[in-house]
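Biologist: Could you zoom in on one part of this model for me and take it slowly? I'd like to start with a single side chain and then see what is around the rest of the chain.

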Amino acid sequence: MAKIRKIQVANGVYWVEIPEAHLYIQCGCPADSVKHLKQRGLIVTREESNVLFETGPNAILLSDLLIQNGSFANLSEFPVLQMLYKQGMIIPNHPNNTGAKPLLLGSKDQVQAQMQYIFRGNYGLISQTELLSTGISQAVAHEMMVLKLKFAFGRIQQTEELLETRMIESDAVEIKNGVFIRRLRLNVFEFRYQDETVTVDLNLSPYTIYNIPYRLDFHNIKREYFAVIHSGQGNGWDSHRPCVSSIVMFQGKIYLVDAGPNFLHSLRALGISVNEIEGLFQTHAHDDHFADLPALMRADHRIRYFATPLVRASVTKKLSALVSIEEEDFANYFEVHDLEFDIWNNIDGLEVMPLLSPHPVETNIFVFRTLWGDRYHTYAHFSDIVSFPILQDMVASSPDAGISQTFYDKVRANYTIPADLKKIDAGGEFIHGNAEDFRNDPSTKIILAHTDSELTDAQKEIGSGAPFGTVDVLIPTYQEYVWHYAHNFLQAYFPSVPLHELRILLNNPVVTFNPETIILRGGMLHTDLYLLLTGNVELIQSEAGVHNLLSAGALVGEISGLTGSPSMATYRAVNFVQALRLPCKLYLEFVKRNGLFINIHTLQDKREFLQKTWLFGEAISYPIQNKLAQAMHVHYCPVGETLSAGTTPGIYILTSGKMQRYIGKDVFETLDVGDFFGEDGVLFGIPSLFQARALEPTEMYQIPGDMLLDIPIVRWKLFETFEKRIGLILDSTLLNIPVFYWRKEYSVNIQEMDRHHRQIFERANRVYAALNVALTAARRAGGEHEILEEAVDFLARYAEYHCTEEEALMKLYRYPDYEIHRKKHERLHQQILEFQEQFKQGEVQEGLDFLEFFKNWFINHILTEDRKYARYLNNKGVF
């Protein structure tokens, strides 16, 4: 009988068990992975010593890749919570609490990111200082810290206290009890126990996505004046339903309330494209409300983000840990709109009042209202909340022992605000609401949500349910918003065409296609083309391996309709699709009348090229593609010609030929068709360190950088490319150079700062060389940590001195980004302090970890932030 058993649970998720070694490993943890395990019977409820608890994994293997095919691969918060609490591994006196900790396995980068993401997911903001930085009062900050400690059972614990980790490299590493794991290649792992091995491949094949554990039926949603679509009623454990969320429709616009796991699947089932989303209202940072927020970062427009500064701070700290970005960069991916507590904030006519809700992490709940007829119509979204008895038990006369009665009374008054429609968290237990608290609530309609249990008869007397896709209309519409969409799309596509001409096209019927309907069949002639207004359409060319997703604003069958030729692809409705049907003959006449034929073909050629590239081939809607196509122009490079991107703000993307990227005599990369350069100039406004030389006649498109920065998914990919290319510079083994190697290209053109930078490089190199010799001897003598502490202290003191001098210079000349730069220095200082503390406690296993971190941070900082302030100071005459 086999000692190792492997089961494929879902796309990209496997179960590996070695019962003899008491090891049960969940391999891969995308969104809702716990629900998949429940559906497959790998998590079940059992009883021991009269205690009910769940079975499940005791180890998690992370993907090497954070993102696969557009979805996030590592969301381990709920799998970890399931092990700690549902299995009872952390609960005192629990039969399953044996002292063993759950295990987190993976690459060093992914494990470290997940540990910090879990920490922030557990606690949010962790000190009164962090709370005060969001603008709340001293008194409220104190009560929130008291609450936080109550929910945390008296102490905030570092993730390292809760979990054990194993960093996986190419050499085999023991997990425990004689079970070993090693990486065979990227995202492919081998488990070995005694004489048996099993291989797990976590890579998703092209066009494969992480599937969802529950069924979602398609819904044809009419865009209303003021209405609520119920897009989720469950919680993070409910394997049959999406997590609690809502979609508020106002004047035809789409606003999300939270974005939990697999929320993009929910949108697709509801016939809503991501590019239709106007904004997101965020309640808090737990994964069942947060998990698809990173996916919205990869949209083709900056979605408006609404929350109080308190919640935003908590969310950004968790998000920055998960995706390894700076907290300040959050505003690069979302259009941030801070809301004030306890007042009505006006959002283009939709008013919203955020209210503070006690929870382990910072939480604001929302009341929405708008005027119609003789009164305001209101929707209250109250998730997450706490039950009145639990909160009452936290009241104490001493400020340090509990919350005040005044605080309790205010929360209770907020929860009982009447509304036309009120959705409440009725999840129960210690941190969630209780339906009984709302038995006498005066609201017109109450919906009970955020639970994985069937409602009891007593609960059914209090509130209603809201199955996925149902809609509560608070103010009906007396206009067809899809006609507004059609007008806006046509006007954007044909900006030079007068309105009376556009009305020729607008005076055509809007048709609806059912999900999975073929709209146009490849190889067939067609008499109509379609302007998509809502929903999504697949473009399929199976022989060529093409499978693209079109969204609202796309013209289906445009070129074949104009030329009278068969459709080059099959177009198939993914969900309910509404489209403006345009007769091909009418559209052709419209194009001729307005002299658009050549322009349309040119745009089509450019769009097709963009769709085939890695940078633009994913999630870019048709209207955005058109804007890019209109702004692109051709640049030609003969053999041997050199370009230094960054001097012109934009990117160059090759359409033919080859180019080399180099610094000095060192060649780092050869570029081919579809590759690009210039991302450093776009992202940081600095000239590139690299130069590019044509190896053969090369043609490329130049695209303005200001357009790219407003497309989050493109910004993300530009930053990803920049990091990869900086990694080539930092890898000293590629060119056999010193670890801290100073290049003249690193100069910031300010003598004193350059001198500091060179001295840090020289001293760090000496320390690095000395450590390599000393650590070998020290390991034998047990003196490794003393040497490390001395090295860290030395570099830390000099780095602090340099940062102080740098800040003084920026402050003297009133550098506009001084505060952002100072905060980066502050974080470096904090990270160094953490390293020093680790050294003192003997927690650092690899003596050169600190220098590796210091090298990556310092060189990266010089190449981006320092060169930005240098340009400013140079313009002020400082050299």
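Modeller: Let's start with Lys-317, which counts as buried because its relative accessibility is 16%, and the cut-off for buried is under 20%. Keep in mind that this is a predicted model. Lys-317 has a partner: it forms a salt bridge with Glu-327, and the closest N and O atoms are 3.2 Å apart. The pair links distant parts of the chain, ten residues apart, with Lys-317 in helix α10 (residues 309–323) and Glu-327 in the loop between α10 and α11 (330–333). Glu-327 has 28% relative accessibility, so it counts as partly exposed.

For a contrast, hop over to helix α26 (residues 818–841), where Arg-822 and Glu-819 both sit, three residues apart, or about one turn of the helix. Their side chains meet in a salt bridge, 2.3 Å from N to O. Arg-822 also meets Glu-826 in a salt bridge, this time at 2.8 Å from N to O. Glu-826 and Arg-822 are four residues apart in α26, again about one turn. Glu-819 counts as partly exposed because its relative accessibility is 36%, and Glu-826 is partly exposed too, with a relative accessible area of 47%. Elsewhere, salt bridges that share partners tie Lys-253, Glu-278, Arg-304, Glu-335 and Asp-348 into one network.

Most residues other than glycine have a negative phi, and most peptide bonds are trans. Asn-262 has a positive phi, near 60°, and belongs to the loop between β17 (253–257) and α7 (263–269). With 6% relative accessibility, Asn-262 counts as buried. Phe-153 has a positive phi as well, near 55°, and is found in the loop between α5 (138–151) and α6 (159–162). Phe-153, though, counts as exposed because its relative accessibility is 64%. As for a cis peptide bond, one joins Ser-383 and Asp-384, with omega about 10°. Asp-384 is in the loop between β24 (375–382) and α12 (388–393).

Together with Tyr-85, Ile-91 and Phe-430, Phe-153 makes a nonpolar surface patch of about 390 Å². Tyr-85 is in helix α2 (residues 77–86) and counts as partly exposed, at 40% relative accessibility.

Helices α1 (33–39), α2 and α8 (287–290) each supply at least two of the lining residues of the largest cavity. Of everything lining that cavity, α1 gives the most, with three residues.

Terms used: Residues are numbered from 1 along each chain as its sequence is written. This is a predicted model: local features need pLDDT of at least 70, side-chain atom pairs count only at pLDDT 80 or more; totals for chains, interfaces and linings use all residues. Side-chain values use heavy atoms; hydrogens and water are left out. Patches are made of residues with over 30% relative accessible area and no salt bridge: like charges are joined within 9 Å, nonpolar side chains (Val, Leu, Ile, Met, Phe, Trp, Tyr) within 5 Å. Accessible areas come from the Shrake-Rupley method with a 1.4 Å probe; for residues, only the protein chains shown count as cover. A salt bridge is a side-chain nitrogen of Lys or Arg within 4 Å of a carboxyl oxygen of Asp or Glu. Buried means under 20% relative accessible area, exposed over 50%, partly exposed in between (1.4 Å probe, protein chains only).
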